[in-house]
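Thanks for asking me to look this one over. Here are my notes, written for someone opening the model for the first time.

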Amino acid sequence: MSSSRIRFYGGAGMVLIPAIVFLIVAVYLFIFQKAFDMTGLAMGGFLGVVAGSFLAKNSVDYWNGAISGIATPLTGVLVCILVLAGIFSTMMKTGGVADGFVWLGAETGITGALFCTFTFIATAIIATATGTSIGTIFAAVPVFFAAGVQLGGDPAMLAGAILSGAIFGDNLAPVSDVTVISASTQTYIQDGETAEVGGVVVSRSPYALLAAALTIPFYMLFGGGGDINMALADSASPTGLVMLLPVIILVGIAIYTKNIFLALIGGIISGILIGLASGRLVLDQVLSVQDGHLQGILYGGINDMAGTIMLCLSLFAVIGILDKSGAMEAMTTKLLQGDKPLTPRKAEALLAAGAFVCSTVFAGVTSAALILFGPIGDKVGKSAQLHPFRRSHIMSAMANSIPVILPFSAFVFVVMIAVKNQASGDVITPFTLFFSAVYPWALFVVFSGSIITGWGRRFEGRSRVPEKTLQNIEIPEQDNA
């Protein structure tokens with residue numbers, strides 16, 4: 001769908017009205033109402049789009065621009081992935097993988113600081129398996145926080161360990177919306193195809209694991225001390241660990257086929273079969289009708305992702321408006337310094353700074369930040385011929401670093417809400433979480449060092465192969481617009 005350049009009453013700056021309205025709604029929901037709701041955020045996005053339409057000189061051009069943003073192939077790919085990822089995530093939560101880790105912790109007799117460290121590792125695996133950071137926090141706090149406090153763990157460090165584990169999964173999980181968005185917004189120079197999610201996950205693993213290795217000693221040293229309460233074993237089950245098999249199958253298919261759709265379908269089918277065979281699931285949990293209402297993994301998975309999908313659509317509409325108004329071109333040209341090519345290190349620094357700032361502005365809502373900055377980062381990274389995987393890693397890591405633990409971050413509020421029902425008094429505050437959530441700090445350090453030293457830097461080679469040295473590939477003119 002084509003449209004003329006969108007122009008606004010009051011000047012070009014009015015193109016920011018949709019984004020400003022969205023931010024106002026986000027701040028109101030997170031800070032004043034302490035309500036983290038993806039559908040509410042989507043409402044804010046569409047309210048912003050509607051508000052901007054009253055300032056457009058030509059409403060037809062304005063709405064054509066919004067629809068062109070929604071109607072991109074990337075939108076269709078992202079929505080389909082999110083639907084399947086939602087089903088997989090719900091299946092993993094229903095299967096009770098967390099129960100297996102509680103059983104493992106109780107059986108091994110770990111206490112205090114060891115339990116705090118175990119909490120970080122277990123939460124990271126759960127978040128990687130389910131792909132939902134917020135869901136992991138709400139699932140892990142009742143399981144690990146209450147138990148950890150009884151075992152002598154430091155409350156602030158336990159909460160930080162849970163948040164850190166959730167961010168680990170948010171950054172690495174093949175079904176995480178952040179992983180999918182950071183990959184899907186980055187395209188190859190040669191054919192314009194999006195980066196493969198499976199390849200992104202595999203190549204991102206060394207960075208994520210290094211940051212985890214830097215995190216663990218802090219929880220070992222400062223996690224607290226105490227004696228184990230073996231009563232925990234009564235509410236845990238080793239069969240929960242079998243639900244890790246669908247994750248292994250999903251990742252294996254993604255690596256082998258480089259097709260995330262086949263991988264997700266394989267993970268869902270195998271997970272349901274394994275869950276039913278092991279007794280972790282019953283048939284009614286897959287799909288059932290109760291009092292005229294649909295329930296179960298298939299329905300719930302799609303329903304849980306509805307708000308995220310609507311948020312994506314609203315933000316893609318904003319991106320379409322920015323694009324048709326010329327704002328995206330102006331921002332990209334400014335970052336690219338006109339026709340002057342960027343050095344690889346400077347391009348990576350711009351990717352890191354852009355993702356960091358957008359995530360901060362969006363109160364740690366990393367998916368929203370990457371949807372907005374991803375297309376700009378794609379062009380910036382291409383100007384230095386950085387491989388799509390490398391671009392994806394830098395933006396995802398920086399968006400998931402310090403911005404997610406700032407006192408006004410959505411993640412911080414989610415942890416505060418989850419902990420509130422598990423302990424009396426103010427055992428944690430947004431400021432203690434800022435320091436006790438160690439993994440985001442480690443992620444920032446790892447990628448800052450990587451950008452400065454060039455460790456892990458890869459360029460796009462022939463046939464999409466990541467190369468250590470710059471290749472002689474012609475960059476199409478339209479990608480520098």
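What volume does the largest cavity have? It has a volume of about 40 Å³. Please keep in mind throughout that this is a predicted model.

1. **The cavity.** Searching the whole structure turns up one cavity of 30 Å³ or more. Its lining is made up of P18, A19, F22, L315, V318, F362 and L372. Two elements each give two or more residues to this lining, namely α1 (17-32) and α14 (297-325). The largest share, three residues, comes from α1. In terms of class, the lining of the largest cavity holds seven nonpolar residues, with no polar and no charged ones.

2. **The largest pocket.** Next, have a look at the largest pocket, with its volume of about 980 Å³. Its lining counts 37 residues, and those nearest the pocket's centre are L74, S184, T185, T187 and T194. The elements giving two or more residues to this lining are α3 (59-70), α4, α10, α12 (260-278), α14, α15 (327-336) and α17.

3. **Helix α9.** Why can helix α9 be called largely enclosed by the rest of the structure? Eight of the eight residues of this helix, which spans residues 177-184, are buried, so the rest of the structure largely encloses it. The buried residues are D177, V178, T179, V180, I181, S182, A183 and S184. Among these, S184 also belongs to the residues nearest the centre of the largest pocket. The cover over the buried residues of α9 includes α4 (73-95), α8 (155-172), α10 (197-222), α14, α17 (366-383) and α18 (388-399).

4. **The start of α9, and its partner α8.** At the start of α9, S176 is worth a click: one of its side-chain oxygens comes to within 3.2 Å of the backbone nitrogen of V178. The axes of α8 and α9 come within 5 Å and cross at roughly 35°. On the α8 side of the contact you will find D170, N171 and L172, and these meet D177, V178 and T179 in α9. By class, that contact has two nonpolar, two polar and two charged residues.

5. A85 touches V175, L264 and M305, leaving aside residues up to four places away in sequence. The C-alpha atoms of A85 and V180 are separated by 9.7 Å, while the two residues are 95 residues apart along the chain. V180 is itself one of the buried residues of α9.

6. **G266 in α12.** G266 sits in helix α12 and counts as buried at 16% relative accessibility. Leaving aside residues up to four places away in sequence, G266 touches I249 and I253.

7. **S450 in α21.** Which residues does S450 touch, not counting residues up to four places away in sequence? They are Y207, R390, W455 and R457. S450 lies in helix α21, residues 438-453, and is buried, with a relative accessible area of 0%.

8. **Two loop residues with positive phi.** D291 is not a glycine, yet it has a positive phi of about 55°. You can find D291 in the loop between β1 (288-290) and β2 (293-295), where it counts as exposed at 76% relative accessibility. Q385, also a residue other than glycine, has a positive phi near 60°. Q385 lies in the loop between α17 and α18, and with a relative accessible area of 11% it is buried. So the exposed residue of this pair is D291, and the buried one is Q385.

How values were computed: Residues numbered from 1 in each chain as written. Predicted model: local features only at pLDDT ≥ 70, side-chain atom pairs only at ≥ 80, totals over all residues. Heavy atoms only, no water. 1 Å grid on protein atoms, 1.4 Å probe; cavity = no way out; pocket = protein on both sides within 12 Å on 5 of 7 lines; lining within 4 Å. Points joined across faces, edges and corners; volume = space filled by probe spheres on them. Helix = DSSP H or I, 4+ residues; strand = E, 2+ residues; numbered from the N terminus. Nonpolar A, V, L, I, M, F, W, Y, C, P; charged D, E, K, R; others polar. Buried < 20%, exposed > 50% of the residue type's maximum accessible area, 1.4 Å probe, protein only. Contact = heavy atoms within 4.5 Å. Polar contact = N/O pair within 3.5 Å; in protein donor to acceptor, adjacent residues only side chain to side chain. Axes fitted to C-alpha atoms, helices over the stretch in contact; angles between N-to-C directions.
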